[in-house]
Amino acid sequence: MTNKTIPPFYTKLAMVLISILALGYLVINGKEILSPLIFATLFSIMLLPVAKFFETKARLPRGAACGVSVILLIAVVAGVMYVVASQIGNLASDWPQLRDQVTTSIGNFQDWIAEHYDINAAKQMNYVHSATSKILSGSTAAIGSTVLSVSSMLLFLIFMLIDTFFLLVYRTLLMRFLVAVFKQENSVIVYDVIQNIQYIIRKYITGLILEMLIVATIVCTVFLIGGIKYAFLLGILTGLFNIIPYIGIFTALLLSVLITFSTAALGKVILVVVTIVAMHLIDSNILLPVIVGSKVKINALVTILGVIIGEMLWGIPGMFLSIPVIAMTKIIFDRIESLKPWGILLGDDEKPSKHSILKRKGDVPEAEVAGS
């Protein structure tokens, strides 16, 4: 009988740190491949029931059913983009008025600075001209980077849609691969993890979309009643940015205040601030726990850290993907004995509970073995 020597703590710590560094290097340098692939995974999970419906009810071949599902996704995204673009078009048509309002506001602000800080308008304009010349000196590079960003976004969308289609088409092959990677005695756990990931992600995204619609509807209604200009645009932006935890709502607040400040009096700016802050409090304490929180049990500290790390690694796409990735990671941790403490760290349950959603009555989804 051979005795297995347990490596010392510092050896295990070094191995863990090296693994984290290697994983971080691969994640950062593999952004162009991994980012659209993860988005495609989320969309394919959402579209799986639609594809199955077209296969079983409409009796379409798998490729055609998956193609129709992706086309429906494109139509929905294009509809949202059309609504936002039309509202931005209305904003652009009022640009002269906005420019005059901004000019007046800047003049008032300069007078206030000159009165309180003894910096006259000439010095202020020198600061402005100096900053403007620095910005214009790099205008060529800025235009080039903007064109590059638009091209990268189009390529990102194309690869994401292609990946979504092929993930739906080859879902049976992927399921067989995932089961074959692990030992036969672990196949039940593999099926449990895959089913739970599908269930959690589908419910989470559905809840997120419902939350976004509720927030956008309430904000649009209040802004319309209050006579805020561009109420639909500001409401839609608030709902869309609300998808990004914590950071998104403050971005929407900043944009709404800037647009309203350029088109209305101070009283309406205060109304915008009060409405968005109140909506954020209602969303965080009522909507989020009821609609989304019951689906993904992740504590607030991990959520904030995940959003920050996601932004550092992948920018805005990383902020969107942080919560679903953490949710999938927690499901895996909860079902591997040696990783259960990390699952507890990510979770938000104060009391020990049965973590498996498959053990809760009424929440047991049908076995969604890919290709069934």
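Student: In which helix does Phe-223 lie?
Tutor: This is a predicted model, where local features need pLDDT of at least 70, side-chain atom pairs count only at pLDDT 80 or more, and totals for chains, interfaces and linings use all residues. Residues are numbered from 1 along each chain as its sequence is written, and side-chain values use heavy atoms, with hydrogens and water left out. Helices (H or I, at least four residues) and strands (E, at least two) are DSSP runs, numbered from the N terminus. Residues 187-225 form the helix that holds Phe-223, namely α8.

Student: Is Phe-223 buried or exposed?
Tutor: Buried means under 20% relative accessible area, exposed over 50%, and partly exposed in between (1.4 Å probe, protein chains only). The relative accessibility of Phe-223 is 0%, so Phe-223 counts as buried.

Student: Which residues does Phe-223 touch, not counting residues up to four places away in sequence?
Tutor: Contact means heavy atoms within 4.5 Å. Beyond four places in sequence, Phe-223 touches Ile-228, Ala-231, Leu-234, Val-272, Thr-275 and Ile-276.

Student: How many of the 11 residues of helix α9 are buried?
Tutor: Helix α9 covers residues 231-241 and is largely enclosed by the rest of the structure. Its buried residues are Ala-231, Leu-233, Leu-234, Gly-235, Ile-236, Leu-237, Thr-238 and Gly-239. The count of buried residues in α9 is therefore 8 of the 11.

Student: How many aromatic pairs are there?
Tutor: Rings of Phe, Tyr and Trp (its six-membered ring) pair if their centres lie within 6.5 Å; planes under 30 degrees apart count as stacked, over 60 as edge-to-face and the rest as tilted. By this rule the number of aromatic pairs is 4.

Student: What parts does the pair of Phe-39 and Phe-156 tie together?
Tutor: The rings of Phe-39 and Phe-156 are edge-to-face, at 5.6 Å centre to centre and 90 degrees between the planes. The two residues are 117 residues apart in sequence, so the pair ties together helix α2 (residues 31-56), which holds Phe-39, and, with Phe-156, helix α6 (residues 139-169).

Student: Which residues in α13 does α2 meet?
Tutor: α2 and helix α13 (residues 316-334) pack at an angle of about 55 degrees, with their axes 11 Å apart; axes are lines fitted to C-alpha atoms, for helices over the stretch in contact, and angles run from 0 to 180 degrees between N-to-C directions. From α2, Ser-35, Ile-38, Phe-39 and Leu-42 take part, and in α13 they meet Pro-317, Phe-320, Leu-321, Pro-324, Val-325 and Met-328.

Student: Which residues does Ser-69 touch, not counting residues up to four places away in sequence?
Tutor: Ser-69 lies in helix α3 (residues 62-93). With 0% relative accessibility, Ser-69 counts as buried. Beyond four places in sequence, Ser-69 touches Leu-47, Val-50, Ala-51 and Phe-54.

Student: How many helices are there in the chain?
Tutor: Buried residues make up 33% of the 372 residues in the chain. Among contacts with a separation of 6 or more, 68% join residues 24 or more positions apart. The chain has 0 strands, and its number of helices is 14.
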